[in-house]
Amino acid sequence: MPLRTLAALTAAATIAFGAAAGAQDRSDWPNSMTIGTASQGGTYFVYGNGFASYIAETLGVAATGEVTGGPVQNVTLVETGDHLMGLVTMGPAYDAWNGKSELAPGLEHKSIRALFPMYQTPFQVIALKSSGINSVSDLAGKRVSVGPAGGTPGTYWPLFMQALDVEATISNAGASDAAGQLQDGLIDAFAFAAGMPISAFAELAASQDVVMFGLSEEELPKVLAAYPAMAPLTIPAGTYAGHDYDQPTVALWNFAIAHQDMPESLAYEITKLAMGNSDRMIQIHAAAKETLSENWDKNTFMPFHPGAVRYFEEIGITIPDTLR
């Protein structure tokens, strides 16, 4: 047999073997999968649909993002197996893990597994400087808007105040409405949570003499002890014009999660896709600048999927036994 023919046959056999091995590696992969996001126009919707397209393009699985009610619904859809993957904030995920989900009370969501960190949602307060309010403790007896009812700040700010024994008159409003109320003197402070910089806060800072703060050194450990799904965060000086001081606070991290039955090799490839391609992830949404492997530790309670563990350990990160 001519050497050229032998070489061609050898090459063909090698390619066929590689293809067969690849097919076997993916033999338990689904043909399609759904990622739970949130309402259209929000960060989850853009991030989730963009990442689903990236999965389809790169891994060959027909992934799609689905409009949902957001994290509370997503964690239950993953738990029940209706969705293979979802985007969640760690507060609702922690509640669901412990059977305290608003959507499925009493059902401990023990089938959910963490894949990778997405970005954080920090908590921050703004008040007019003339009010003399400089801390959460100063909100006692004051009129405080905490954003829309049922939203992340609307849920957690009252709980934070309770943990700090601060009794305030709480009201709910959208960000722009609350900012207008503060400016008009209808409320004394606006406590919120959103990606930095919060646009409503930035607009107020540009037109009013305001003060912004998170949690003081005395308040921070009390909130963290009461709500372990939170992570400490410092809002750096200069984030807002005229505010040249660091603001310690807490943040809720957003994570991508999967059902425990997601094939290990698929979970590995999805985690690798998100963690290893920062530039592409930022093209999907600017918030993905925090979609970084070093932020794995912002998950403090949910076991990581074995496929995610394999990826993190490949790059030198040891996931503790408590999170396996």
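Reader: How many aromatic pairs does the structure hold?
Author: This predicted model holds 19 aromatic pairs.

Reader: What is the geometry of the pair formed by Tyr-94 and Phe-301?
Author: Tyr-94 and Phe-301 are arranged edge-to-face, with 5.1 Å centre to centre and 80° between the planes.

Reader: Where do Tyr-94 and Phe-301 lie in the chain?
Author: Tyr-94 belongs to helix 4 (residues 90-97), while Phe-301 is in the loop between helix 10 (278-284) and helix 11 (306-314). The pair therefore ties together parts that are 207 residues apart in sequence.

Reader: Which residues do ring pairs link into a cluster?
Author: The cluster consists of Phe-255, Tyr-268, Trp-296, Phe-304, Tyr-311 and Phe-312. Tyr-268 also has the charged end of Arg-310 over its ring, 3.9 Å from the ring centre. Elsewhere, the charged end of Arg-280 sits over the ring of Tyr-54, at 4.2 Å from its centre.

Reader: Back to Phe-304: what does it touch?
Author: Leaving aside residues up to four places away in sequence, Phe-304 touches Arg-113, Ala-114, Leu-115, Phe-255, Trp-296, Asn-299, Val-309, Phe-312, Ile-319 and Leu-323.

Reader: Which residues have the most contacts inside the largest nonpolar core?
Author: They are Met-33, Phe-51, Met-85, Phe-116, Met-262, Ile-270 and Phe-304, in a core of 84 residues. Strand 4 (residues 112-128) supplies the largest share of this core, with nine residues. Another core lies apart from it, with 17 residues, including Ile-126, Leu-182, Ala-205 and Met-212.

Reader: Changing topic, how many residues of strand 1 are buried?
Author: Four of the five residues in strand 1 (residues 32-36) are buried, so that the strand is mostly covered.

Reader: Which strands pair with strand 1?
Author: Strand 1 pairs in the parallel sense with strand 2 (residues 62-66) over five bridges, and Ser-32 stands opposite Ala-62 there. Strand 1 also pairs in the parallel sense with strand 3 (residues 85-89), over two bridges. In strand 3, Gly-86 is the bridge partner of Gly-36.

Notes. Residues numbered from 1 in each chain as written. Predicted model: local features only at pLDDT ≥ 70, side-chain atom pairs only at ≥ 80, totals over all residues. Heavy atoms only, no water. Core = buried A, V, L, I, M, F, W, Y, C linked by side-chain atoms within 4.5 Å. Buried < 20%, exposed > 50% of the residue type's maximum accessible area, 1.4 Å probe, protein only. Contact = heavy atoms within 4.5 Å. Pairing = 2+ DSSP bridges. Phe/Tyr/Trp six-rings, centres within 6.5 Å; stacked < 30°, edge-to-face > 60°. Lys NZ or Arg CZ within 6 Å of the ring centre and 35° of its normal.
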